[in-house]
Structure formats: C-alpha cells, structure tokens
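Student: I have a structure open and I'd like to learn how to read it. Can you walk me through a few features?

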Amino acid sequence: MTEKSLRPEKPWRLGTRRSKLAMAQSGLVAEAVRELTGRPVELVEITTYGDTSREDLAQIGGTGVFVTALREALLRGEVDFAVHSLKDLPTAHPDELTLAAVPRREDPRDVLIARDGLSLDRLPRGARVGTGSPRRTAQLNAYARNHGLAIETVPIRGNIDTRIGHVRSGEFDAVVLAAAGLHRIGRIGEVTDFLPVDTVLPAPGQGALAVECAAVNADLAAVLAELDDPYTRAAVTAERSLLAALEAGCSAPVGALADLLADGQVVNEMRLRGVVGTTDGSTLVQLSTTGPVPTSLGDAVALGRELASEMLAKGAAGLMGERAH
C-alpha cells in the first residue's frame, strides 16, 4: 500500500452562516454528505451582511443579504459548497454556481409562539406581535381584520433565541417564526399555534435548504445531487418562478406554496397558491392554480408564471410597493 493511499482524504469545506440555525442546517447536510461519501466535512463559518446589519430586512433589501458572502467564498475557492435557507436565495441564479441539491423539505408553515400558550385567535386586543416579514405582516393583519381581532404587528430582528426572548420578557405578546427552523434546532415544543397555510401562506421556498457549489466542480455537484428531492425541487421551483414573475424580492409581501395532491396513493397534481398584499392587510390578492405534477423544471416554472400573470391581472403589482428590478 502506498503512503498516499493511507493518507486520509481532505475534508470537504462547507460554508455556512454562523447563526445557531444555519449551523444546525449545515450540520444536517454535512452529516448526509459524510454518509454518502465516507469523506469528512468541516464547517467553515462565514459572516454575512444580513447577520451584522441591525436594520430591518425590508430596509436593507432582504434579497441576498444572507447569501452574497457565502457565494463569494465559493467563487474564491475558500469553501467547496454552501448551504442556504432556500427562501433567502435571490431568484436570479448566477451561471458560475450550481444549485446542486434541494433536500426534502421540512414543515413549510409559519408558527406562533405566544405568552400563556395562546393561539392566534385568542390573542388579547392590542396584542403586540413581532415579525420582520412584510409577507407575514400583511396576512396577519388581513386575518385580524376578517376576524375582528385588534393586533399590532411590530418589526423585529434577531435570531430565534432573541425573538422568543422578547415574548418571555413580556415585551411582545407573540412572535411569528418558521416551523422548519424550530424543528431543526429542537425547539418546536415551544410553539403555541401552527398557522394554517390558509391563514398565512409561507415564503416561497420556506422550509427547504439549497446546497450550492461552483459550476466548474462537476464531480462534487454529482455527489451533492444525491441529496436532491425531486418533489421538493419541483415545488420550490414553481414558488420561486411565481416570485420572479411578480418581480419581487424575498423581502416583498409575497407568499407561495406548491403542494402535491394525491388521488389515493397516486400523486397526480400540483397545486400552487400565491398571495400578495398591503402590509396593513386591507387588500390581499390570493389565487391558486392546479396542474399535472411537473415532469420537468420547465413545467414547474410555467406553473409559477401562469399564476403570477393571473395575480398581476388582479392588481398584485400595485400592492408590492417598490418593485425590485
């Protein structure tokens, strides 16, 4: 046996944001890659502008603020691949990078963590509800209007611990978070209400991860492709196509969810729902379309564009404020 064959393989370098959630998500992918390849994976922590800025996400233009530094590290060859929350990715994809895998999606719903175990419909008059998302704000306010609730949505930044801390300290009555993140860091037990998607439609791609590598690294892309879940990829492709066709960034008040409809045991249709609204909840455009399960990503893109054009015809463009170009 040669000396070279005895030498352990160099670890893959996985680029990740430093937050507890990002580290947990990246850790799941790292473990899956280790199991696939038998090769070690080390996490390389990278600080992004979205992590250091104290401004509201809507102010700093949410699109890409958590992604750019990771992508730059990939292109400079400082890391081999990177893991993102898919909903943070801009809809335009750079040619130099490959979206190698979209693993199976976690629960896409939004959830409430409220004081005293309260659900959304039992919040007291004037309850302060923290969220950094115009999409959540629009739909929560619309729900409150339709159900005679008087809540105040308050902008909030920070990681999951910080946000839940605002409820524990009494500063907020409740906060709205993504179920997927709480699952991944083991805090789903603190949820007081799972918000039905009919009440709050999630962000396009919510609950899904994106595994990205440099396009020139075809061998690694082929390895990572083993983690891809075709149904999840088709669903998030349709959702992101809707977002792109509305010309909206990921800080716009747009919700979208594609799900697969089964007839008995056979999955035969995909339903795509979309919503856009004014943040005060006074106007929502909410539509859905159903088609055959996409057999190609092109079909999924077409489904998203079709629904977007229907929403635009119903006045969606005027509800998004500044349209991001």
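Student: Which residues touch the most other members in the largest nonpolar core?

Tutor: Keep in mind that this is a predicted model. The general idea first: in soluble globular proteins, nonpolar side chains tend to be buried together. Here the largest nonpolar core has 21 residues, and Ala 238, Leu 242, Leu 246, Met 270 and Met 311 touch the most other members. Two or more residues of this core come from each of helix 10 (230-245), strand 11 (254-263), strand 12 (266-277), strand 13 (284-292) and helix 11 (297-313). There is also a second, separate core of 17 residues, with Val 33, Phe 81, Ala 101 and Leu 227 among them.

Student: And the chain as a whole, what is it built from?

Tutor: It has 11 helices and 13 strands. Of its 325 residues, 52% are buried. Take the contacts between residues at least 6 apart in sequence: 71% of them join residues at least 24 apart. The chain exposes about 14800 Å², and carbon and sulfur atoms supply 50% of that.

Student: Back to helix 10. How many of its residues are buried?

Tutor: 12 of 16, so count helix 10 as mostly covered, with buried meaning under 20% relative accessible area. The buried stretch includes Thr 232, Arg 233, Glu 239 and Arg 240 as well as Ala 238 and Leu 242. Strand 4 (97-101), strand 11, strand 12 and helix 11 are among the elements that cover these buried residues. After helix 10 comes Glu 247, with a positive phi near 55°.

Student: How do I read a helix with one buried face? Which residues of helix 7 are buried?

Tutor: The general idea is that an α-helix has 3.6 residues a turn, so residues three or four places apart point the same way. In helix 7 (residues 160-168), the buried residues are Ile 160, Arg 163, Ile 164, His 166 and Val 167. Looking down the axis of helix 7, these buried residues fall within an arc of 145°, so they line one face of the helix. Their cover includes helix 2 (20-37), strand 5 (110-114), strand 8 (174-178) and helix 8 (179-184).

Student: What happens at the N-terminal end of helix 7?

Tutor: Asn 159 caps that end, with a side-chain oxygen 3.2 Å from the backbone nitrogen of Asp 161. Following helix 7 is Gly 170, whose phi is positive, near 90°.

Student: Now a loop residue. Where is Leu 201 found?

Tutor: In the loop between strand 9 (193-194) and strand 10 (209-214). Leu 201 counts as buried because its relative accessibility is 0%. Setting aside neighbours within four places in sequence, the contacts of Leu 201 include Arg 135, Gln 139, Ala 256, Leu 257, Arg 273 and Gln 286. Ala 256 and Leu 257 are also touched by Glu 239.

Definitions and conventions:
Residues are numbered from 1 along each chain as its sequence is written. This is a predicted model: local features need pLDDT of at least 70, side-chain atom pairs count only at pLDDT 80 or more; totals for chains, interfaces and linings use all residues. Side-chain values use heavy atoms; hydrogens and water are left out. Helices (H or I, at least four residues) and strands (E, at least two) are DSSP runs, numbered from the N terminus. Buried means under 20% relative accessible area, exposed over 50%, partly exposed in between (1.4 Å probe, protein chains only). Contact means heavy atoms within 4.5 Å. Accessible areas come from the Shrake-Rupley method with a 1.4 Å probe; for residues, only the protein chains shown count as cover. The arc is that of the directions from the helix axis to the C-beta atoms. A polar contact is a pair of N or O atoms within 3.5 Å; within protein, one must be able to donate a hydrogen and the other to accept it, and residues adjacent in sequence count only if both atoms are side-chain atoms. A nonpolar core is a set of buried Ala, Val, Leu, Ile, Met, Phe, Trp, Tyr and Cys residues joined through side-chain atoms within 4.5 Å.
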